[in-house]
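Trainee: I'm new to this one. Can you walk me through the structure?
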Amino acid sequence: MTFYEPDTIFCNGSHFRLYITKEQLDKRIEELAEQINRDYENKKPIFIGILNGAFVFLADLMRHVTIPCEVDFFKLSSYGDEKVSSGHVTELKDLDADVEGRHIILIEDIVDTGLSMRYMVGRIKSKKPASVAVVTLLHKPDATKHYVNVDYVGFQIPTLFVLGYGMDYAQEGRNLAQIYVIDEDSEDNGPPVIPKNTEKI
Ligand code: IMP
Ligand code: MG
């Protein structure tokens with residue numbers, strides 16, 4: 001079987017190169033799921049995927065979650081079709097689940113300025129859950145403008161625009177099986193890093 005996984009991509013006028021491979025993603029997502037299985041045993045959490053970007057990550061994570069749980073979705077938009085956040089969060093779909101008194105695990109593709117996740121945490125907390133945790137596949141810590149506590153991080157990355165594995169550029173590229181980074185001259189060009197202390201305290 002062949003997957004759609006080239007080494008470089010040209011998308012909406014920008015060049016991207018392979019940054020996080022399918023093997024790296026699979027391994028790290030399995031580790032995150034194992035941590036969640038341990039931390040949420042007997043808590044029957046509700047996973048809330050933040051659409052659109054988180055749908056691929058959430059689906060793969062779920063396949064390794066072995067504890068009883070539920071899944072729901074919330075839809076936000078903050079980027080429009082640009083490579084930088086618009087600075088506004090628009091709510092496009094609310095939850096169906098009743099989260100009062102429940103353990104909630106928010107699932108994001110990427111936390112960039114923190115605006116969307118900070119908004120989401122506030123929105124969920126107002127519904128009186130028993131607890132709220134944040135899981136993000138990618139985190140750009142140097143891009144933080146709105147601080148939010150992130151409990152589980154797949155990879156920390158520099159402040160660079162990425163594509164694939166659910167993440168888009170002007171709605172394209174979400175179907176790529178691996179993660180690509182914009183190929184432009186930048187000093188901020190380091191590799192993805194797995195944060196050391198990711199155990200939940
Ligand atoms: P924030 O509100 O600035 O933290 O941005 C979060 C949202 O913007 C994420 O859920 C993504 O949908 C989108 N986003 C942030 N950085 C990138 C990127 O590098 N590529 C694609 N989408 C991104
Ligand atoms: Mg998103």
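Mentor: A polar contact is a pair of N or O atoms within 3.5 Å; within protein, one must be able to donate a hydrogen and the other to accept it, and residues adjacent in sequence count only if both atoms are side-chain atoms. This is a predicted model, where local features need pLDDT of at least 70, side-chain atom pairs count only at pLDDT 80 or more, and totals for chains, interfaces and linings use all residues. Residues are numbered from 1 along each chain as its sequence is written, chains are lettered from A and ligands numbered from 1 in the order in which they are written, and side-chain values use heavy atoms, with hydrogens and water left out.

Trainee: How far is an oxygen atom of ligand 1 from an N or O atom in the side chain of Ser116?
Mentor: The distance is 2.6 Å. For the side chain of Glu108, an N or O atom is 2.8 Å from an oxygen atom of ligand 1. Lys140 has a polar side-chain atom 2.9 Å from a ligand 1 oxygen.

Trainee: What does the shell around ligand 1 hold, by class?
Mentor: Eight nonpolar, five polar and five charged residues. Ala, Val, Leu, Ile, Met, Phe, Trp, Tyr, Cys and Pro count as nonpolar, Asp, Glu, Lys and Arg as charged, and the others, Gly among them, as polar.

Trainee: New topic. What is the strand order in the open sheet of four strands?
Mentor: S1-S2-S10-S9, with antiparallel pairing. Strands (E, at least two residues) are DSSP runs, numbered from the N terminus, and two strands pair if DSSP finds at least two bridges between them.

Trainee: Which strands stand at the edges?
Mentor: S1 (8–11) and S9 (162–163). Each has a single partner strand, so one side of each is left without a neighbour in the sheet.

Trainee: How many bridges join S1 to S2?
Mentor: Four, and S2 covers residues 14–20. Cys11 stands opposite Ser14 in S2.
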